[in-house]
Amino acid sequence: LIGGLSMGGYGALRNGLKYSDTFGSVIALSAALITDAVAANGGDMPGAPEPKEYYRSVFGDPARLLGSDKDPRALAKKRKEEGGPLPAVYMACGTEDSLLQPSRSMRDCLRDIGVPVTYEEGPGVHDWNFWNTYIARALDWYFRKEP
C-alpha cells in the first residue's frame with residue numbers, strides 16, 4: 001500500500017503505477033494531478049504558492065512531462081500495454097476542491113484501461129476537514145478488499 005494527499009496523492013499514484021509490482025494498492029486523496037497544467041504553462045503556475053523551480057524539480061522539463069514516467073496516465077497505459085500488474089486504487093476529492101476535474105479525469109482514465117478504481121467525492125475543499133473523513137474511508141476500503 002502507498003498513499004498520500006495533495007502532492008502526496010500525486011506521488012502515491014505515480015509511484016504506485018510505476019512500481020506496481022511492489023505496490024498492490026494506492027490511496028490518493030485530493031491528488032495534485034496537475035501534469036497537464038504544468039506542461040501547458042511550462043512549469044509556471046500563476047497563483048500557486050510554489051515557485052516555477054519547484055514544479056521543475058518535481059516533474060522535470062515541462063515540455064517532456066506528458067507521456068513521461070512522471071505522468072500517471074501514461075504510466076497506467078504503459079503498464080496495461082506491458083501486461084504488468086495494476087494496483088487497486090482508491091481516490092477521493094472534495095466537490096469544492098480545485099483538483100476535482102483532474103481527479104475525475106484520472107478516475108476515467110484508470111477505469112477506461114481496466115484499473116480497479118474506487119472513487120468518491122464529497123463536500124469539501126483541499127483541507128484536513130475533508131482528508132480526515134476520507135482517510136478513514138480509504139483505510140476501510142483497503143482493509144475490506146484485502147484477504
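**Entry 1: tyrosine 142**

Does tyrosine 142 count as buried or exposed? I looked it up in this predicted model, where local features need pLDDT of at least 70, side-chain atom pairs count only at pLDDT 80 or more, and totals for chains, interfaces and linings use all residues. Residues are numbered from 1 along each chain as its sequence is written, and side-chain values use heavy atoms, with hydrogens and water left out. Tyrosine 142 has 16% relative accessibility, so it counts as buried. My cut-offs: buried is under 20% relative accessible area, exposed is over 50%, and partly exposed is in between, with a 1.4 Å probe and protein chains only.

I turned to α6, residues 128-145. Helices here are DSSP runs of H or I with at least four residues, strands are runs of E with at least two, and both are numbered from the N terminus. α6 has 18 residues and reaches 25 Å from first C-alpha to last, close to the 26 Å expected at 1.5 Å a residue. The expected span is 1.5 Å times one less than the number of residues.

I noted the buried residues of α6: Phe130, Trp131, Tyr134, Ala138, Trp141 and Tyr142. They pack against β1, β2, β3 and β4. Contact means heavy atoms within 4.5 Å.

How many aromatic pairs does the structure hold? I found 6. Rings of Phe, Tyr and Trp (its six-membered ring) pair if their centres lie within 6.5 Å; planes under 30 degrees apart count as stacked, over 60 as edge-to-face, and the rest as tilted. Phenylalanine 130 and tyrosine 134 have ring centres 4.3 Å apart and planes at 20°, so this pair is stacked. Both residues lie in α6, 4 residues apart, about one turn of the helix. Phenylalanine 143 has 61% relative accessibility, so it counts as exposed.

**Entry 2: helix α5**

I checked α5 next, residues 100-113. It has 14 residues and reaches 20 Å between its end C-alpha atoms, close to the 20 Å expected. Leu100, Ser103, Met106, Arg107, Cys109, Leu110 and Ile113 are buried in α5. An α-helix has 3.6 residues a turn, so residues three or four places apart point the same way. Against what do the buried residues of α5 pack? I listed α1 (7-18), α4 (72-82), β3 (88-94) and β4 (117-122).

Just after α5, glycine 114 takes a positive phi of about 95°. I also looked at arginine 107: its charged end sits over the ring of tyrosine 119, 4.7 Å from the ring centre. The test is NZ of Lys or CZ of Arg within 6 Å of the ring centre and within 35 degrees of the ring normal.

**Entry 3: nonpolar cores**

A nonpolar core is a set of buried Ala, Val, Leu, Ile, Met, Phe, Trp, Tyr and Cys residues joined through side-chain atoms within 4.5 Å. The largest one has 29 residues, and Leu13, Val89, Met91 and Leu110 have the most contacts inside it. Elements giving two or more residues to this core are α1, β2 (25-29), α3 (52-59), α4, β3, α5 and β4. A second, separate core has 11 residues, including Ile27, Leu29, Tyr90 and Trp141.

What does leucine 13 touch? Leaving out residues up to four places away in sequence, I have Val26, Ala28, Ala31, Leu33, Val89, Met91 and Met106.

**Entry 4: strand β1**

In β1 (residues 2-5) the side chains alternate. β1 pairs with β2 in the parallel sense over 4 bridges. Two strands pair if DSSP finds at least two bridges between them. Glycine 3 has isoleucine 27 of β2 as its bridge partner.

**Entry 5: loops**

Most residues other than glycine have a negative phi. Serine 6, in the loop between β1 and α1, has a positive phi near 60°. Serine 6 counts as buried because its relative accessibility is 19%. Serine 30, in the loop between β2 and α2 (35-40), has a positive phi near 45°. Serine 30 has 0% relative accessibility, so it counts as buried.

I finished with methionine 45, in the loop between α2 and α3. Methionine 45 is buried, with a relative accessible area of 15%. It touches Ile34, Ala37, Val38 and Tyr55, not counting residues up to four places away in sequence.
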